Each structure stands twice: as C-alpha cells, then as structure tokens.
Amino acid sequence: MSNTKAGVWEFEIEGPLVAAVRTTSRQKWVCPRWKKYTAFKERVRLLASSKGIPEVLEHNDEVRVEIDVRWRLRARADGDNIIKGIIDALFFQDRRVLGIIYESREHEGCEGASVKITLMREDRK
C-alpha cells in the first residue's frame with residue numbers, strides 16, 4: 001500500500017463568519033441563528049465546489065484542514081464553533097478529517113478565513 005496525494009485546495013471565505021449553532025430539530029424551523037448558519041454553510045460549500053473539493057470522502061481518504069481566521073476587531077465566536085461550521089459545510093461525513101490546524105488573529109481590519117484542504121488517498125492493491 002502506498003499513499004498518493006489526491007489534492008490540495010485553497011480558498012478564501014469572506015466575512016461575516018458564522019459559528020456552528022446547536023439546536024433541536026423543532027427549533028431549526030424558527031431559529032434565526034440557524035437560518036444564518038445554514039446560509040453560511042451553503043456559501044462555504046459553493047466555494048468548495050467551485051474549487052473541485054469533494055463533498056463525500058471515501059473510506060480510504062485522509063483529510064487535513066488548515067483554517068486561518070481573521071477578525072476585524074475582537075473574535076466574535078469560539079474557535080471550535082468556527083471549525084465545526086466550516087468542516088460541516090465542506091464534507092457530508094467528516095469522519096475522515098484526521099487533522100485540523102486552526103489559527104485566529106484579531107484586529108486585522110476585515111473578517112474572513114483562509115482554508116487549505118489536503119486530501120491523501122491510500123491506494124489499495
């Protein structure tokens with residue numbers, strides 16, 4: 001068995017960034033925060049699709065994600081919720097995301113995130 005790199009992709013997410021929202025199934029229909037979160041995930045998935053990033057990962061894929069977040073002033077959300085929002089948008093099943101590197105910088109003058117995806121696919125013979 002040998003590992004071969006299947007792809008490296010980079011893209012930018014312009015602000016505003018939206019953190020993951022945890023809610024009940026019933027609240028999803030009425031919660032305005034959930035609607036903003038869903039719209040954010042759709043925007044991120046559209047960016048990923050335009051770069052050719054697969055939405056569905058194979059059982060032999062290994063994915064590493066690097067997220068560099070820039071805040072206009074102070075951070076408005078916890079890093080783990082930003083990570084969850086981006087990862088949920090990128091992949092239907094994120095079980096094969098085996099590594100995440102996250103960096104957050106405040107007082108950058110604008111809000112956004114740089115995302116780098118590295119996909120390794122193990123060839124089985």
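The points below run from the overall fold to local details.

1. Basis. This is a predicted model, in which local features need pLDDT of at least 70 and side-chain atom pairs count only at pLDDT 80 or more, while totals for chains, interfaces and linings use all residues. Residues are numbered from 1 along each chain as its sequence is written, and side-chain values use heavy atoms, with hydrogens and water left out.

2. Overall layout. The protein chain holds 2 helices and 4 strands, in the order β-α-β-α-β-β from the N terminus. Helices (H or I, at least four residues) and strands (E, at least two) are DSSP runs, numbered from the N terminus. The C-alpha trace spans about 50 × 40 × 25 Å along its principal axes. Of the 125 residues, 37% count as buried; buried means under 20% relative accessible area, exposed over 50%, and partly exposed in between, with a 1.4 Å probe and protein chains only.

3. Helix α1. The expected span is 1.5 Å times one less than the number of residues. Its buried residues are W34, Y37, F40, V44, R45 and A48. They lie on the same side of α1 because they cover an arc of only 135° around the axis, the arc being that of the directions from the helix axis to the C-beta atoms. P32, K36, E42, L46 and S50 are exposed on the other side of α1. After the helix comes G52, with a positive phi near 85°.

4. S50. This residue of α1 has a relative accessible area of 58% and is therefore exposed. Its C-alpha is separated by 23 Å from that of A20, 30 residues apart along the chain.

5. Helix α2. The end C-alpha atoms of α2 are 17 Å apart, which agrees with the 16 Å that its 12 residues should span at 1.5 Å a residue. α2 is mostly covered, with 9 of its 12 residues buried: G79, N81, I82, I83, G85, I86, I87, A89 and L90.

6. Nonpolar core. The largest nonpolar core has 33 residues, and those with the most contacts inside it are I13, V65, L90, F91 and I117. At least two residues of this core come from each of β1 (2-14), α1, β2 (61-70), α2 (79-90) and β4 (112-123). α2 gives the most, with 6 residues. Such a core is a set of buried Ala, Val, Leu, Ile, Met, Phe, Trp, Tyr and Cys residues joined through side-chain atoms within 4.5 Å.

7. Backbone details. The peptide bond joining G15 and P16 is cis, with omega about 5°; P16 lies in the loop between β1 and α1. H107 is found in the loop between β3 (97-105) and β4, and is exposed with a relative accessible area of 53%.

8. Largest pocket. The lining consists of L17, V18, A19, A20, V21, R33, K36, R76 and A77. By class it has 6 nonpolar, no polar and 3 charged residues; Ala, Val, Leu, Ile, Met, Phe, Trp, Tyr, Cys and Pro count as nonpolar, Asp, Glu, Lys and Arg as charged, and the others, Gly among them, as polar.

Technical notes
On a 1 Å grid over the protein atoms alone, a cavity is a set of points where a 1.4 Å probe fits but cannot get out, and a pocket is an open set with protein on both sides within 12 Å along at least five of seven lines; lining residues have an atom within 4 Å of a point.
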